[in-house]
Amino acid sequence: MNAVLIIAHAPLANALREGVLHCFPDAADAVAAVDVQAKAEPEASLAQAQAALSGLPSGDVLVLTDIFGATPCNVAQRLVDGVHTRLIAGANLPMALRAMSYRAEPLEAMAARALAGGTQGVMSVAATTGPQNQSRPP
C-alpha cells in the first residue's frame, strides 16, 4: 500500500495530516508531514524530509507540497525519483483525502486521483439567501 508525505510551509503540513487522520484515523503510519519553518535552512528541511520518508512503510510514496517553486517544493523535488515517489504541488485537503482514499492503487493512478481531487475541490460557492445570512450586513 502506498503512503503520503506532505511537505509544506509551517504549520500547513501537519494541519493537512491532521485533516487526513480525521477521516482516516487508521492511516497514521501511512501519512507523514514536514513543516518547513520560515527561517530553516533548506538542507535542514531536506534532512527532516528524508527522515520522514524513511519512516514511512515500504512501498511507493506520493509527496504533496504547497507551492511550486517555494522551499518546501524544492526540498521535495530532491526526494522524488518519479518511479517510487511522485510529487504534486498545490496541496489542499481534498487532494490529500483523495490520495489516502486510493492509496491501494498503483502510484501513477493514486497521483492522478489526488490531482483530480485537488482541482475538483476548488470551486466558487454561491451565497445562500436563507436566515443564516440575514444577520450580516451586505
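Residues are numbered from 1 along each chain as its sequence is written, and because the model is predicted, local features need pLDDT of at least 70 and side-chain atom pairs count only at pLDDT 80 or more, while totals for chains, interfaces and linings use all residues. Side-chain values use heavy atoms, with hydrogens and water left out.

**Stop 1: helix α2**

Select residues 42-54, which form helix α2 (helices are DSSP runs of H or I with at least four residues, strands are runs of E with at least two, and both are numbered from the N terminus). Now colour Ser-45, Leu-46, Ala-49 and Ala-52, which are buried (under 20% relative accessible area, with exposed being over 50% and partly exposed in between, for a 1.4 Å probe and protein chains only). Looking down the axis of α2, you will find its buried residues within an arc of 125°, so they line one face of the helix (the arc is taken from the directions from the helix axis to the C-beta atoms). Among the elements that cover these residues are β1 (3-9), β2 (31-36) and α3 (71-77).

**Stop 2: Thr-85**

Is Thr-85 buried or exposed? Thr-85 is buried, because its relative accessible area is 8%. Leaving aside neighbours within four places in sequence, Thr-85 is in contact with Leu-53, Val-61, Leu-79, Val-80 and Leu-107 (contact means heavy atoms within 4.5 Å). A polar atom of the Thr-85 side chain also lies 2.7 Å from the backbone nitrogen of Asp-81.

**Stop 3: salt bridges**

Side chains of opposite charge can pair when their charged atoms come close. The model has four salt bridges (a side-chain nitrogen of Lys or Arg within 4 Å of a carboxyl oxygen of Asp or Glu). Select Glu-43 and Arg-78, whose closest N and O atoms are 2.9 Å apart. Glu-43 lies in helix α2 and Arg-78 in the loop between α3 and β4, so this pair ties together parts that are 35 residues apart in sequence.

Finish with Glu-108 and Arg-86, a salt bridge whose closest N and O atoms are 2.7 Å apart. This pair links helix α5 (residues 107-120), where Glu-108 is, with strand β4, where Arg-86 is, 22 residues apart. Glu-108 counts as exposed at 52% relative accessibility, whereas Arg-86 counts as partly exposed at 22%.

Key:
Polar contact = N/O pair within 3.5 Å; in protein donor to acceptor, adjacent residues only side chain to side chain. Expected span 1.5 Å × (residues − 1).
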